[in-house]
Amino acid sequence: MDIGRLYSIMIEDCAKPGEEVNEMINTFKSFISDEISNFKIGVYYQNPDYLEWSYRKGQLLD
């Protein structure tokens, strides 16, 4: 899966109707964006559901 599609899934799943732009901004400003972009630790390769729920929780899940 490419990184754009990964973000798209997260934004669509987390945004309330009509709030997609705000959710996109919040997603890119959150810790999860830094984690996904750090290819050395491999978070990018995790299941999209794991990344979404980590974002919702505010930290990477164990």
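At the start of helix H4, a side-chain oxygen of Asn47 comes to within 2.6 Å of the backbone nitrogen of Asp49. This contact belongs to a predicted model. H4 covers residues 48-57. Just after H4, Gly58 adopts a positive phi of about 95 degrees.

The wider fold gives these details their setting. The protein chain contains four helices and zero strands. Read from the N terminus on, its elements follow the order α-α-α-α. The radius of gyration of the protein chain is 11 Å, close to the 11 Å that the globule rule gives for 62 residues, so the chain is as compact as a globular protein of that length. Along its principal axes, the C-alpha trace spans about 35 × 25 × 20 Å. Of the 62 residues in the protein chain, 32% are buried. The accessible surface amounts to about 4,300 Å². Carbon and sulfur atoms account for 50% of that surface. Contacts were also considered by separation along the chain. Among those between residues at least 6 apart in sequence, 52% join residues at least 24 apart.

H4 has a buried side. Its buried residues are Leu51, Glu52, Ser54 and Tyr55. They lie on the same side of H4, because they cover an arc of only 165 degrees around the axis. The cover over these residues includes helix H1 (3-14), helix H2 (20-29) and helix H3 (31-37).

Ser54 lies in helix H4. Its relative accessibility is 0%, under the 20% limit, so Ser54 counts as buried. Residues up to four places away in sequence aside, Ser54 touches Phe31, Ile32, Gln59, Leu60 and Leu61. Tyr55 has its own set of contacts. With neighbours within four places in sequence left aside, these are Met10, Cys14, Glu23, Asn26, Thr27, Ser30, Phe31 and Ile32.

Tyr55 also belongs to the largest nonpolar core, which has 11 residues. H1 provides the largest share, five residues.

Ser30 is found in the loop between H2 and H3. At 14% relative accessibility, under the 20% limit, Ser30 counts as buried. Its side chain reaches the backbone oxygen of Thr27 at 2.9 Å.

Gly42 sits in the loop between H3 and H4. The relative accessible area of Gly42 is 19%, so this residue too falls under the 20% limit and is buried. Gly42 and Gly4 are 38 residues apart along the chain. Their C-alpha atoms are separated by 16 Å.

Notes
Residues are numbered from 1 along each chain as its sequence is written. This is a predicted model: local features need pLDDT of at least 70, side-chain atom pairs count only at pLDDT 80 or more; totals for chains, interfaces and linings use all residues. Side-chain values use heavy atoms; hydrogens and water are left out. Buried means under 20% relative accessible area, exposed over 50%, partly exposed in between (1.4 Å probe, protein chains only). Helices (H or I, at least four residues) and strands (E, at least two) are DSSP runs, numbered from the N terminus. The arc is that of the directions from the helix axis to the C-beta atoms. Contact means heavy atoms within 4.5 Å. A polar contact is a pair of N or O atoms within 3.5 Å; within protein, one must be able to donate a hydrogen and the other to accept it, and residues adjacent in sequence count only if both atoms are side-chain atoms. A nonpolar core is a set of buried Ala, Val, Leu, Ile, Met, Phe, Trp, Tyr and Cys residues joined through side-chain atoms within 4.5 Å. The radius of gyration is taken over C-alpha atoms; the globule rule is 2.2 Å times the number of residues to the power 0.38. Accessible areas come from the Shrake-Rupley method with a 1.4 Å probe; for residues, only the protein chains shown count as cover.
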